[in-house]
Amino acid sequence: MKWNVSGQKCLRYGGTEGPVRGGRKPRSRAAAVIVTAALMVLLCSALPIGGANTALGAETGAEIEVETGAETGAKTRTRVIQYQDLRELLKAGNPGLKEKIDDYNNNVQTYQDMWDTFKWEQWDMESKAEDMKDSDAAASSLYASNAAMLKSSARNMYKQIDKMTGEKSTRSLEKEADSLTMAAQALMNSYNQMAVNARARAKSAEAALASWEAVKARYSIGSATLADVQAAEQRLTNARNAAASMEEQAAQLKADLLLLLGMEPGAQVEIGAVPAPDLAAVAAIDVEADRNKALGNNSSVLSARHAKAVGTAAQNRREKQVNQAEGEAEADLNSLYQTVVEKRTAYEGAAASWESAQMIYNSLQNKQSAGMLTNTEYLEGEASYLEKQAAWESASMALRQAYENYRWEVMGVSEARQ
């Protein structure tokens, strides 16, 4: 029994041929029996047409390789961690989650192997009963009786496997995967925000260096004061410190994300971009409908609702606890929705500002081409443009994260955020 990524299950019999009439065919993974069409329709009806049947937590090619070229023309291959693949990467690599998934799959596999054995023996005995029906009625009856007993045992085994792979049994694993996915999304989002801002600050430091050198040149001919030089030097120091701080923070966030995914913090991988927010989905949020879903998925609310209460006093206490838990859950959802609204407003403002910055930057490039700007003026203009771009990208990612947090709350996955 394997659990596929869509949450559907299918019993499989690991073979290719049925029992050989008149003699016993050795059992093996490579050459066993094929389940009849009717049985396979019954057992595998949940498997989607064309769907892959992979074990819970199996790697699904979530890491991809891309070619990057150095200035020398040499090419290296770098694995990219994509935002949409975080959940499967966690299942495949996070030590704690992977261990639980492996234990789960091993337990299910044990029962699956027993089911295989029962079914083989059943079909083998049914074959022998058929062969001996005319020549040895007593032996045929014995084989048929035992085949029926094994069929009953196999049916019970199937029920056990079905129970083990049912939604209730896998829910805790999926909930843990949800919480870890939420944490990984937040880390990836923060890393990308720090990375884009670090690049913008690096350009600001480059512009500050050019400005400092220009002021020193003017000072050497007496057209600038020592105070001007010191002020320019301080701006350069501040710009370099800001860039270095953000680069250091980005590196730490990357290491934290890789560690969560079960990779070495220094692994040579690239962290992919965070997808743009789905503005249509944000606009379509129905807080009232989501409120009912959130209350139905919230663990504190569910615990309070299902708490045992014997007697009027206990029932009154339970009702008060339910009301309190529901109030807190509703407040959390409203707060997260308000954050979405605020981040959307900030995003729209940043987008308008960057659009304006793009027009200014185009004019700046034209002036640079015409030789109308000094190198310092051009670098300062470019740095300003990149800062506006970083602000827009950060606002985009902040809106994406706010929406993700809201959706996770609706689904009852708030532990990671807390």
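Predicted model: local features only at pLDDT ≥ 70, side-chain atom pairs only at ≥ 80, totals over all residues.
In total, the structure holds 15 salt bridges, and the points below walk you through some of them, along with a few other features.

- Glu-174 makes a salt bridge with Arg-87, and here the closest N and O atoms are 2.5 Å apart.
- This pair links distant parts of the chain, since Glu-174 sits in helix 5 (residues 167–220) and Arg-87 in helix 2 (residues 86–93), 87 residues apart.
- Arg-87 has a relative accessible area of 22%, so this residue counts as partly exposed.

- The side chains of Arg-400 and Glu-404 come together in a salt bridge, at 3.1 Å from N to O.
- Both Arg-400 and Glu-404 lie in helix 11 (residues 375–410), four residues apart, which is about one turn of the helix.
- An α-helix has 3.6 residues a turn, so residues three or four places apart point the same way.
- Arg-400 and Glu-404 are both buried.

**A network of shared partners**
- Salt bridges that share partners join five residues into one network: Arg-87, Glu-88, Lys-91, Glu-174 and Asp-178.

- Ile-161 is part of helix 4 (residues 137–164).
- Ile-161 counts as buried because its relative accessibility is 0%, and the cut-off for buried is under 20%.
- In sequence, Ile-161 and Gln-109 are 52 residues apart, while in space they are 9.1 Å apart, C-alpha to C-alpha.

**Helix 10 and what follows**
- Helix 10 (residues 312–369) has 58 residues and reaches 84 Å from its first C-alpha to its last.
- That span is close to the 86 Å expected at 1.5 Å a residue.
- Just after helix 10 comes Gly-371, which takes a positive phi of about 75°.

How values were computed
Residues numbered from 1 in each chain as written. Heavy atoms only, no water. Salt bridge = Lys/Arg side-chain N within 4 Å of Asp/Glu carboxyl O. Helix = DSSP H or I, 4+ residues; strand = E, 2+ residues; numbered from the N terminus. Buried < 20%, exposed > 50% of the residue type's maximum accessible area, 1.4 Å probe, protein only. Expected span 1.5 Å × (residues − 1).
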